[in-house]
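Thanks, everyone, for making the time. I would like to take you through the charged side-chain pairs in this model, one after another, and then stop for discussion.

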Amino acid sequence: MVEILPSILAADFARLGEQVAQLEAAGARMLHVDIMDGHFVPNLTLGPPVVESLRKATRLILDVHLMIEDPDFFAPIFIQAGANHVLVHQEACRNLDRTLHMIRDHGAKAGVVINPATPVAMLVDVLDIVDSVLVMSVNPGFGGQSFIPNSLKKVRELAQRRRERRLHFAIEIDGGIILENVADAIHAGVDWVVAGTSIFHTVNPGTAFEQMRHAALDASRVAV
Ligand code: DX5
Ligand code: ZN
């Protein structure tokens, strides 16, 4: 099922609850929450208390993207704070299989993320134990960057492996998604589309969400 996940990195943090309620009213089912530690990526965002506050403010599924150096230590803390999905970077995990199992054992859905320079081949031995695979379509760390087209090749490869092995993980894309390229992502095989700037840096985030959702749903009905 195609879903648009607003990325709150681009939200107005002073009005976060209000903006989340607006997106919920517009039909959003999931929110994407970017956690950055200033080490794995050159930026800092937010920590467990904000996830805890979001959990109290909304029933939306919280898709928590850990761009941090110690996901093993922090994953249980974010799950405790209310994360439904925890996504860890392949590049940050020394024992990826163990980390993914640990996330599931703590009661959350486990996702794995690959950076633009990481090939899909690095994931072949964990595809059967993940609930989602997120393909970064920008280098992680900042919102508002330009989409890297090579990411669609990786989405197609993942979709093909999923078909061949009869697996059911969701394919997610994150970075540089705008109204003009969302259809390409869906045609390549993306299920979940993360969008920050193109939703929040608009006059009305609810309307921007609805437009993006319509474009994605239309694209999912067109056979390619
Ligand atoms: C980037 C983050 C993204 C970011 C996307 O490191 O993982 O989730 O919010 O922002 P846009 O949609 O503006 O590229
Ligand atoms: Zn993200």
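A search of the whole structure, which is a predicted model, finds seven salt bridges, and I will go through several of them with their surroundings.

Let me begin in helix 5, which spans residues 150-165. Here the side chains of Glu157 and Arg161 meet in a salt bridge, with 3.2 Å from N to O; the two residues are four apart in this helix, so they are separated by about one helical turn. Glu157 is partly exposed, at a relative accessible area of 28%, and Arg161 is likewise partly exposed, at 25%.

What does Arg162 form a salt bridge with? The partner is Asp191, and the closest N and O atoms are 2.9 Å apart. This pair links distant parts of the chain, since Arg162 sits in helix 5 while Asp191 belongs to the loop between helix 6 (182-188) and strand 8 (192-195), 29 residues apart. As for accessibility, Arg162 is buried, with a relative accessible area of 18%, and Asp191 also counts as buried, at 16%.

Turning to helix 8, residues 205-221, we find Arg221 and Asp218 three residues apart, about one turn of the helix, and their side chains meet in a salt bridge at 3.2 Å, N to O. Arg221 is exposed, with a relative accessible area of 61%, whereas Asp218 is partly exposed, at 45%.

How values were computed:
Residues are numbered from 1 along each chain as its sequence is written. Chains are lettered from A and ligands numbered from 1 in the order in which they are written. This is a predicted model: local features need pLDDT of at least 70, side-chain atom pairs count only at pLDDT 80 or more; totals for chains, interfaces and linings use all residues. Side-chain values use heavy atoms; hydrogens and water are left out. A salt bridge is a side-chain nitrogen of Lys or Arg within 4 Å of a carboxyl oxygen of Asp or Glu. Buried means under 20% relative accessible area, exposed over 50%, partly exposed in between (1.4 Å probe, protein chains only).
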